[in-house]
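Have the model open while you read.

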Amino acid sequence: MKNIIFIAAPAAGKGTISDYLVSNFGYKHISTGDLLRDCIASGSSLGIEIEDKLKHGSLVSDDIVIKLVKDMLVNIKGLPFILDGFPRTLEQARKLDDMFLELNITNVLVVYLQVDLNTLLSRVKGRVVCPKCKKSYNLYNELLKPKMNNICDDCGSMLIKRNDDNQETFVKRYQNFLDNSKDILKFYHDKNSLVTIDGVLPLSAIYQKLISEVNND
């Protein structure tokens, strides 16, 4: 199966879809945000450097993120992977391409989950997340509700509402995503590695389309 890079606006559904691929097809979900947090928690010199940058409002350099992703790809030893949260800029996409070339990773599919703003806003209103294992739920979608009210199905933690899940903040995040993703999508389109999936479709249809694409040689 092909490896996947997800490009999607906040609340587009990549977390839910990633969970499905991990559970049913053995994918390894690589979140750059989680990699940074894990590195900080390790107390390593690099983790201390990352924490210091974030505390002072600085961005973590592309080279550091690439190193963390590279180390993870080496550690998972050929398992199919989902890369979530990177690249966010054209320069990052180019550096990621160079890293894939170095590791001889060629079977990569870039999946753009396309969802309109109004749909995303309706999802955000009902979204709750697990602060421990990061699983996402939606109180207004019967298929995505937790089994027990406000309790994570997987780890039993109390679910929370994200601070940035309000309309004003979300619209800004959405516009920022659109501005940053244009060049990235063109980059991957020109490399013939991009597929666009309608993220408004029922989950079963999205899964079917995605599995067809990752198995398409």
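Contact here means heavy atoms within 4.5 Å. Helices (H or I, at least four residues) and strands (E, at least two) are DSSP runs, numbered from the N terminus. This is a predicted model, with residues numbered from 1 along each chain as its sequence is written. Local features need pLDDT of at least 70, side-chain atom pairs count only at pLDDT 80 or more, totals for chains, interfaces and linings use all residues, and side-chain values use heavy atoms, with hydrogens and water left out.

**Helix packing**

Let's start with α3 and α4. Leu46, Glu49, Ile50 and Lys53 of α3 touch Ile64, Lys67 and Leu68 of α4. By class, that contact has four nonpolar, no polar and three charged residues (Ala, Val, Leu, Ile, Met, Phe, Trp, Tyr, Cys and Pro count as nonpolar, Asp, Glu, Lys and Arg as charged, and the others, Gly among them, as polar).

The table puts the helix pairs side by side; axes are lines fitted to C-alpha atoms, for helices over the stretch in contact, and angles run from 0 to 180 degrees between N-to-C directions.

| Helix pair | Axis distance | Angle |
|---|---|---|
| α3 (45–55) and α4 (62–76) | 12 Å apart | about 140 degrees |
| α4 and α5 | within 11 Å | roughly 35 degrees |
| α5 (90–102) and α7 (167–190) | within 8 Å | roughly 35 degrees |

α3 and α4 are therefore oblique to each other; angles under 35 degrees count as roughly parallel, over 145 as roughly antiparallel, 65 to 115 as roughly perpendicular and the rest as oblique. α3 passes α4 in a left-handed crossing, while α4 and α5 cross right-handed. A crossing is left-handed if the near helix is turned anticlockwise from the far one by less than a right angle, and right-handed if clockwise.

From α4, Asp62, Asp63, Ile66, Val69, Lys70 and Leu73 meet α5 residues including Glu91, Leu96, Met99 and Phe100. The α4 and α5 contact counts six nonpolar, one polar and six charged residues.

On the α7 side, α5 uses Leu90, Ala93, Arg94, Leu96 and Asp97 to reach Asp183, Ile184, Phe187 and Tyr188. That contact splits into six nonpolar, no polar and three charged residues.

**The second largest pocket**

This pocket has a volume of about 220 Å³, a volume being the space filled by probe spheres set on the points, with grid points joined across faces, edges and corners. On a 1 Å grid over the protein atoms alone, with a 1.4 Å probe, a pocket is an open set with protein on both sides within 12 Å along at least five of seven lines; lining residues have an atom within 4 Å of a point. Of its 13 lining residues, Thr16, Asp19, Lys135, Leu143 and Leu144 are the closest to the centre. α1 gives the most, with five residues. The lining divides into five nonpolar, four polar and four charged residues.

Most residues other than glycine have a negative phi, and most peptide bonds are trans. The Phe86 to Pro87 bond is cis, with omega near 5 degrees, and Pro87 sits in the loop between β3 (81–84) and α5. Lys134, not a glycine, has a positive phi of about 75 degrees; its place is the loop between β5 (127–129) and β6.
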